[in-house]
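Biologist: Please pick one part of this model and go through it closely, strand by strand where that helps. Then tell me what else is worth looking at around it.

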Amino acid sequence: MSAVAVDCAGVWKFYGDFPALRDISFHVPEGQCLALIGRNGAGKTTLLRILGGFSRAGRGETKILGNSPREADARRRIGFLGHGIAIYDELSAIENLRLFGKLYGLANPDDAARRWLERTGLERVRDGLVREFSRGMRQRLAVARALLHDPAVLLLDEPFTALDDRAIAVLQSVLREALAQGRTVVMSTHQLREALELATHVALINRGRLAFHGERSPEMLSDPGWVYARYGDT
Amino acid sequence: MRQKVMIGMLALAAILLVRNLYVISVLPDEVNQGQIFRIIFFHVPAAVAAMTGSAVALIASVLFLVKKDFFYDSLAVAVTEVGLAFLAVNLVTGSIWARVIWGVWWAWDPRLTSALVCWVLYAGYLILRQALEEPTQRATFAAVYSIFAFTDVPIVYFSIRWWRTLHPQPVFFNKNGSFPADWSAALRLNLIALFLFYAVLTMIRLRQEQAQREIDYLRRTVHAM
Amino acid sequence: MRFLRQAMVITAKDLRAEMRTKEAINASIAFAIVILLILSFAFDPSEETTREISGGLLWIVFTFAGTLVLNRSFARELPNDCLDGLLAAPVPGSAIFLGKALSNFLLILAVEAVALPVFGIFYNVRWTRQFWPLMLVQALGTWGLTAIGTVFSALTVNIRLREVMLPLLVYPLMIPMLLGAMLLTAQLVMGQPIAGDSVVWLRLLFGFDIIFTALALVLMETVLRG
């Protein structure tokens with residue numbers, strides 16, 4: 001019986017009186033890969049930000065590995081990759097990774113930084129300023145930043161959107177490795193094939209509600225619109 | 001039910017006010033100042049009401065941050081707006097008095113100056129709210145600002161008083177000075193009248209704020225469809 | 001202890017980034033000199049009375065120039081959503097506050113270190129006569145500006161008209177501190193030591209700094225993570 005990595009119980013998020021998220025309850029056992037799908041504005045980003053501890057839920061509780069992500073220590077085990085790459089343009093690749101390594105309390109930030117630069121194919125430009133990187137290079141560095149501290153839970157917001165081929169390949173390989181190591185992944189996606197291939201489970205957020213949550217089936221893979229057709233409303 | 005309470009309070013306030021105005025107008029003229037001394041019966045209670053309002057705003061702000069209930073946010077903004085109006089009354093009456101007694105529209109009297117700074121502080125609260133669109137963020141940030149502002153108020157009073165003791169200026173009415181007994185009674189009664197007015201105005205503003213929230217909610221719901 | 005280390009990491013990051021581009025500090029120093037110049041036209045520096053109030057004028061310069069640095073403090077986290085990176089990390093809001101406040105403090109002190117000698121030249125004032133007390137007042141006053149300014153930099157970072165809102169909200173809050181700093185600086189610049197009556201202003205500056213730093217440490221988390 002695997003432990004619960006991500007637990008959402010009765011989560012509501014309000015903008016004023018308007019509920020952007022309504023009564024979201026689900027849990028993700030360790031080792032699963034959950035694909036969060038839904039239209040723009042459905043609430044996927046909002047939910048991920050609450051799971052990451054950036055945003056406060058109006059009602060309900062979230063727990064990552066048994067602790068609230070609002071507690072600083074709990075965030076040690078979470079890796080977050082949002083829309084923005086969260087990398088400083090004025091610093092070099094290795095300076096960026098060292099910075100995050102230290103913030104995450106790694107014993108040897110330098111080693112971890114070098115390891116991940118190699119893993120993402122950036123060791124040659126390690127002293128280059130991020131400002132001069134190409135888009136794909138920045139995205140690969142962002143992946144390195146998110147995984148630098150060996151997080152047990154990965155929260156990714158549309159990670160495959162606008163990636164170039166090399167970056168997609170790196171991300172897929174990194175995620176496959178992470179899942180093989182027993183880490184948990186929750187990623188929002190626009191049903192891109194690359195994301196659905198990795199997913200073990202799928203959840204549909206429609207107008208702030210959890211409309212569907214279940215295992216990923218072969219139908220979903222062959223027709224990404226399948227879940228929408230059955231459980232969404234149009 | 002709340003409507004009836006409001007009307008009741010308003011009626012009581014109006015009656016008190018009329019009675020007070022009569023009493024104040026028949027008081028004998030003050031020996032040094034002539035007619036204008038009567039302004040103190042509004043000048044001082046307005047300030048007291050405004051200060052009480054700022055304390056209520058602080059409590060409401062803290063309660064909002066703790067409980068996330070928008071009622072407290074609506075209360076905070078209502079109480080602050082009405083307080084700003086009362087503080088303005090304090091400033092204007094002070095200015096009129098200064099013009100009559102000292103011949104200048106403004107003298108850097110410590111209490112008036114502090115009141116002015118506090119007015120600017122709470123005006124900042126309203127300006128901040130205007131600049132924030134999203135209601136939850138607006139309420140949260142406004143609450144934080146309100147806490148900072150309230151903490152500053154006593155520091156402002158002390159620092160400006162010390163500043164003024166360095167260069168002694170004509171000081172406004174010394175409230176603790178020789179105050180005839182009939183004045184104190186009139187002052188207290190007017191204080192009650194103004195407090196009642198404050199409460200009524202706050203309730204009206206509170207209702208308006210809650211209606212605004214409902215409109216906002218409906219608008220978002222429609223847009224989401 | 002980890003709290004302090006994390007704050008230091010953030011301070012180091014901010015300073016390193018600033019030293020690479022020097023955007024904020026160059027603009028701030030230039031702005032300070034321009035204001036000093038304009039003030040020299042407004043108040044004739046050759047008159048004795050002006051030299052007596054000149055210390056007070058200095059704080060106008062420091063406050064305005066300091067606002068540029070403070071604005072930049074959280075604005076530099078906007079590109080690439082870097083703020084999200086900080087918020088996702090196991091760093092409490094109070095550590096982010098302390099780290100950024102320290103780096104802002106050092107940057108504004110650097111601006112003041114340039115502005116003071118220039119002021120001495122323009123106003124023909126030997127401001128070094130009470131050097132160490134003056135440095136103390138500089139530090140206390142600048143910290144007051146920084147503590148409040150850093151919290152409000154975070155608060156206003158996403159607002160329209162951020163550059164106007166920050167000073168608009170911060171300056172009124174700072175009035176008591178500015179009073180004390182201006183009075184003490186004017187005195188010290190003219191060579192009079194802090195004694196007797198003036199000591200109360202020093203206490204005010206200390207108290208102000210402690211109270212608002214405590215408030216900032218407590219409320220920063222709310223401002224950043226809601």
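Modeller: Let's start in chain A, where strand β8 (residues 201-206) pairs with β9(A) in the antiparallel sense, over six bridges. Keep in mind that this is a predicted model.

Now zoom out a bit. Those two strands belong to an open sheet of six, in the order β5-β6-β7-β3-β8-β9 (chain A), and the pairing is mixed. The edges are taken by β5 (78-81) and β9 (209-215) of chain A; each has a single partner strand, so one side of each has no neighbour in the sheet. Going from one strand to the next, the twist averages 15°. Over at the β5(A) end, helix α4 (residues 135-147) of chain A packs on the sheet and touches β5 and β6 (153-157) of chain A. The direction of that helix makes about 160° with that of β5(A).

Next, the neighbours of chain A. Here 28 residues of chain A are in contact with 22 residues of chain C. On the chain C side, the elements giving two or more residues are α1 (2-21) and α4 (82-88) of chain C, and α1(C) has the largest share, with eight residues. Sorted by class, that side of chain C comes out as ten nonpolar, five polar and seven charged residues.

Chain C has another side to check, the one that touches chain B: there, 22 residues of chain C meet 23 residues of chain B. Both α7 (162-189) and α8 (199-225) of chain C supply at least two residues to it, with α7(C) giving the most, nine residues.

Last stop, a helix pair inside chain C. Helix α3 (residues 48-75) and helix α6 (residues 131-156) of chain C pack at about 35°, and their axes are 9 Å apart. The crossing of α3(C) past α6(C) is right-handed. From α3(C), the residues making the contact include W59(C), F62(C), G66(C) and F74(C), while α6(C) brings, among others, G141(C), L145(C), G149(C) and A154(C). By class, this contact counts six nonpolar residues, nine polar and no charged ones.

Methods
Residues numbered from 1 in each chain as written. Chains lettered and ligands numbered in written order. Predicted model: local features only at pLDDT ≥ 70, side-chain atom pairs only at ≥ 80, totals over all residues. Contact = placed C-beta atoms within 7 Å. Helix = DSSP H or I, 4+ residues; strand = E, 2+ residues; numbered from the N terminus. Axes fitted to C-alpha atoms, helices over the stretch in contact; angles between N-to-C directions. Left-handed = near helix turned anticlockwise from the far one by under 90°. Nonpolar A, V, L, I, M, F, W, Y, C, P; charged D, E, K, R; others polar. Pairing = 2+ DSSP bridges.
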